[in-house]
Amino acid sequence: MSTTGSTRRDVAVVAYSQTPFVPKAADHNEVELVMPAVHDVLERTGLDSQRIGFTVSGSNDYLMGQPFSFVSALDGVGAWPPIEESHVEMDGAWALYEAWVRLQHGDIDTALVYAFGKSSSGDLGRVLSLQLEPYTTQPLWPEPDHLAAIQARLCLEGGVVTHEQMAEVAARSNTNGFHNDAVATSTAMTAAEVAGQAMAFDPLRPSDIGPVADGAAAIVLAAGDTARDLSDRPAWISGIAHRIESHAIGTRDLTTSASTRLAAQAAGVGDPASIELAELYAPYSHQEVLLAEAIGLRASADINPSGGALAAHPLMVAGLARIGEAAERITNGDADRAVAHATAGPCLQQNLVAVLEGTAR
Amino acid sequence: MTDATANADTAAATPPTHEHEPLVVTRPIRLEFDYTPGASTSPFLHKVEEREIEGQRCPVCGKVYVPPRGSCARCGVATEERVPVETTGTVTSFCIVDIPFAGQHVECPYVCANVLLDGADIAFQHLVQEIDAHDVRMGLRVEAVWGDTAMPNLASIDHFRPTGEPDASYDTFKDAI
């Protein structure tokens, strides 16, 4: 993909906004959940829905048990006169991918991407269990935590991840999240404190599991000179790609992330030493180790300064938030080159990697 | 269904045996949710419990939404100002239901109408009764008839019935259809 750069338009993240990620957004319906993030991101760019070329969202009605909540949410955007709009039944990172592709068409210069999730309305473990193969796997009702624990054990006993690494990841993520004002689901802790916790789903301790959260996030993408007009330092997407692995969990090697490795190559991560910062969507601590290895990150890279999904795990939003968090750190000058990653499905089934840069190619 | 059809298509070439018959697995799935109507719709529903109706006004276009959902769908902004509206209104459109179906609790033929309450700009659906279904018309003036038990949902209004006032002119509700 990176070799076809000359025919591609330069597209950048020019604004990011999110609601606080909270355990329970009890009083809000989908429109009320989405509006603060969408309105804030439009206000920051001075745009309104009529000046946005393409609008796309990521969400899943099963999380909140509200049919067509993705359509209702659009009532907070301002879709009159009618706008060009799309939706993916996936994390907002994949909505952003669609927006990036749409911007490559060349006839529009801006896109609004948003995502929302309110998992607190239902039993998320059971809901997500329903995405598994329906005849032989799902009837056992395996939940994401159970499958992740199986993966963690494979990684530990296979020698690709250590208990110490997991505790370090969990402690760093929760501590970073504690210092992130937009995250209300984590507390500062040390690796020793994590290691002292009783098991939740052995070998996963409570802090090895990202706390499920409700929330919404929004991003404005812009191309070329429009991006330069809207931001003093746009976070240019120099590459973006996603890959998927088999639906049948037993056929996959769960001790590595082949789809992340291929997506990272396709997105043009290139020299690992150039990646100063990474926002990785790892809802379980051992998965961060697998992702960092698959992308080839150096030990010196700053991983999940926001706290990541281990500090707050808003389903459908966490991936878009990784892109937004990495982009903000490009825009404010903390980094010149960053990786943002999103995942979907059990045990890192599907993965998306975006490379963000402070200077256009 | 598709599998069964595909099997039927290949049946001509290969005589079906028991082993090739499509297996249908029945697995009931139950999910439970605590649905929350939202910060805007909840006060509306509490008012319904008191046999009153309130909407919310869009700060941009001024339209009053009943029921309120928290935003103006046209302007894409939050609605916050709570506005009491009347329990009388106008039929803006309707259909006559002639087909019985499972769970129906009203006798056919009956009228399902869009009712625009006085003071509101958005119509909502309800039953119009105490009038022959074929006499219902656009512009018919109606009032809410509350049921015996008031609950936080619009079924607390049993139905709407004619007020006997002269019909409203089309101009008075043309912007709400």
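Author: **A helix pair and the domains around it**

In this model, Gln165(A), Met166(A), Val169(A) and Ala170(A) of α7(A) meet Ser285(A), His286(A), Glu288(A) and Val289(A) of α11(A), where contact requires C-beta atoms, placed from the backbone, to lie within 7 Å. The model is a predicted one, in which local features need pLDDT of at least 70 and side-chain atom pairs count only at pLDDT 80 or more, whereas totals for chains, interfaces and linings use all residues. Residues are numbered from 1 along each chain as its sequence is written, while chains are lettered from A and ligands numbered from 1 in the order in which they are written.

By class, the contact of α7(A) with α11(A) has 4 nonpolar, 3 polar and 1 charged residues (Ala, Val, Leu, Ile, Met, Phe, Trp, Tyr, Cys and Pro count as nonpolar, Asp, Glu, Lys and Arg as charged, and the others, Gly among them, as polar). Helix α7 (residues 163–178) of chain A and helix α11 (residues 285–295) of chain A pack at an angle of about 100°, their axes being 8 Å apart, and α7(A) and α11(A) are therefore roughly perpendicular to each other (65 to 115 degrees).

In chain A, 35 residues of domain 1 are in contact with 29 residues of domain 2, and the side of domain 1 that touches domain 2 has 23 nonpolar, 9 polar and 3 charged residues.

Note on methods. Two residues are in contact if their C-beta atoms, placed from the backbone, lie within 7 Å. Axes are lines fitted to C-alpha atoms, for helices over the stretch in contact, and angles run from 0 to 180 degrees between N-to-C directions. Helices (H or I, at least four residues) and strands (E, at least two) are DSSP runs, numbered from the N terminus. Angles under 35 degrees count as roughly parallel, over 145 as roughly antiparallel, 65 to 115 as roughly perpendicular and the rest as oblique.
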